[in-house]
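Colleague: Please take me through this model. I will keep asking what backs each label.

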Amino acid sequence: MSGTTLYRHASRYPLGWLLFVALVPWMHGTRAQPQNPVAAVFTPCQIGMPDSAFHMQAKCTSLAVPEDRTRPDSKKISLHIAVLPAHANKPSADALFFIAGGPGQASTEAFVTEAAAFDRIRADHDIVLVDQRGTGQSNPLNCPESDDSPGNEVSIVHETKVCLAQLKGDPRFYTTTVAVKDLDQVRAALGYRQIDLYGISYGTRVAFEYLRDYTAHVRSVILDGVVPADWNVGADVSLDAQQALDGVFTRCARQTQCHRAFPNLVNEFAALQQNLKHRPVTVQLRDPVDATLINRSLDWNKVAVAIRLMSYSSDTAALLPLLIHQAAVAHDYAPLMAQSLIFTRSVDEGIAAGMNAAVLCTEDVPFYSHNAEIRRSAASYLGGKPIEALIKSCSVWPRGVMEPDFKQPVKSDKPVLLLSGEDDPITPPANASHAAKTLSNSLSLVVPGQGHGNAMRGCIPKLMAQFVASASVSGLDTKCVKSIRAFPFFVNFNGPTP
């Protein structure tokens, strides 16, 4: 689930509130001198999500870098690097670096679920995957699991301190500013003079910072689910999630079969929210992983998590009207509970919570106008509680390394392709429009009816390949994007409408 977090409610991790939530010559020059190319020693390897069917063969290596880059002789950490060689006998000199989302996802794990979208690019370009420091096999900053979600300020602070005490690294040095220096050292070590960047979700922030700091080494950039440099992740998460859900309700009302099956969907949703806020229910169901019979408590927070995560993709958003109706009218909560378990487990397993906190507590939360964010969020289905808990957790988290101009817009005339989903619940199209104001050689595409992350949708893979091949937004025939449609709604459990 590349790029599907950025910010979310807690489930098992003590820092779950954090997880609820990843130039032109006159700009800055390169801040760190490139390293001399070295002969990397590669070995065959398998990359992908642990304990899943998603795996690929690659060649892997590692690169030792100082944890504290201001002290080159200090403690070293190892960056895990995988390369998928181009299929051509004479590949292009520029490789495409895939940057995962989160913050906290590992690129070597996230890429495999998106790999098909990059087949055309890989025909002529190496694909390079670097587990960002603090993720995957690059000294991951994981936190201990907790059986209960943090319920009050005291428990939030306590569990955050417990996480900090057992981390395998100093979280101050696991921010985006430090990570882009790692990325350029990898580029230099592998011998690429210029690279193409693909960033998804939080990965677009990393791509922006690399573009700012190492513009001479950038050939082209694809930003999928845009996080502008001057945008605070999480500040408007509740409003954006509400807007995306409203979009689902509007589409259902306009589609004859969905409206006929669920004519009172908005009212049913309001009733479900009211009931579960006051009276959580105990649900008996088969565990969606091993089919054992289990009993789980379902409250509104868990429902809100499931709804928000399902709205990331039109494929899963297509189930929302049916699940809401089934729970609100038939009082059958098992399907909704099952979805809550599936999505929260997937996010928990794919995100390094400590690295996630290292980024958000340095680069985002300190820039909130706290009361304003909470006030704006109050009327949404997520409410203001996630923001409150996020702020409280970050109050005890150490601030990390960040460049003085980090929150300034990135200005560039490099070719940039921006991708947005019309119904994205976390990085809406307005983000791309804002970022494009200072990207003079950019093209922004909004994919109809889609959510977060659109590399695999319709003709987008072909357009990305054409863009990387030419390193130009000129001449791209983007009319095909308008023909992409949202996944049809389910009106019963037999399947979607035609």
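**Sheet, disulfides and cores**

Modeller: Start with helix α18 (residues 460–470), which lies across β4, β6, β7, β10 (416–421) and β11 and runs at about 160° to β7. This is a predicted model: local features need pLDDT of at least 70, side-chain atom pairs count only at pLDDT 80 or more, and totals for chains, interfaces and linings use all residues. Residues are numbered from 1 along each chain as its sequence is written, and side-chain values use heavy atoms, with hydrogens and water left out.

Colleague: What do helix, strand and that angle rest on?

Modeller: Helices (H or I, at least four residues) and strands (E, at least two) are DSSP runs, numbered from the N terminus. Axes are lines fitted to C-alpha atoms, for helices over the stretch in contact; angles run from 0 to 180 degrees between N-to-C directions.

Colleague: Which strands make up the open sheet, and in what order?

Modeller: The order is β1-β2-β3-β5-β4-β6-β7-β10-β11, nine strands with mixed pairing. β1 and β11 (442–447) are the edge strands, each pairing on one side only. On average, neighbouring strands are turned by 30° against each other, direction ignored.

Colleague: How do you know that β1 and β2 pair?

Modeller: Two strands pair if DSSP finds at least two bridges between them. β1 and β2 have six, and they run antiparallel. So by the cut-off they pair. Pro 44, for one, has Lys 59 in β2 as its bridge partner.

Colleague: What does helix α6 touch on the sheet?

Modeller: Helix α6 (residues 202–213) touches β4 (95–99), β6 (195–200) and β7 (218–224). Its direction makes about 145° with that of β6. Contact means heavy atoms within 4.5 Å.

Colleague: What makes Cys 45 and Cys 60 a disulfide?

Modeller: A disulfide is a pair of cysteine sulfur atoms within 2.5 Å. Theirs are 1.9 Å apart, so the pair qualifies. Cys 45 lies in strand β1 (residues 43–48) and Cys 60 in strand β2 (residues 55–66), so the link ties together parts that are 15 residues apart in sequence.

Colleague: Why is Cys 60 called buried?

Modeller: Buried means under 20% relative accessible area, exposed over 50%, partly exposed in between (1.4 Å probe, protein chains only). Cys 60 has 8%, so it is buried. Cys 45, at 13%, is buried too.

Colleague: How many disulfides does the whole structure hold?

Modeller: Five. Counting bonded cysteines along the chain, the pattern is 1-2, 3-4, 5-6, 7-8, 9-10.

Colleague: Why is the disulfide of Cys 361 and Cys 394 left-handed?

Modeller: The torsion about its S-S bond is about -75°, so it is left-handed. Cys 361 sits in helix α14 (residues 353–363) and Cys 394 in helix α16 (residues 385–394), 33 residues apart. By contrast, the link of Cys 45 and Cys 60 has 70° and is right-handed.

Colleague: What makes α16 mostly covered?

Modeller: Seven of its 10 residues are buried. Among them are Pro 386, Ile 387 and Leu 390.

Colleague: Which residues have the most contacts inside the largest nonpolar core?

Modeller: Phe 97, Val 128, Leu 197, Leu 272, Trp 300 and Tyr 381, in a core of 105 residues. Helix α10 (residues 300–310) gives the most, with seven residues. A nonpolar core is a set of buried Ala, Val, Leu, Ile, Met, Phe, Trp, Tyr and Cys residues joined through side-chain atoms within 4.5 Å.
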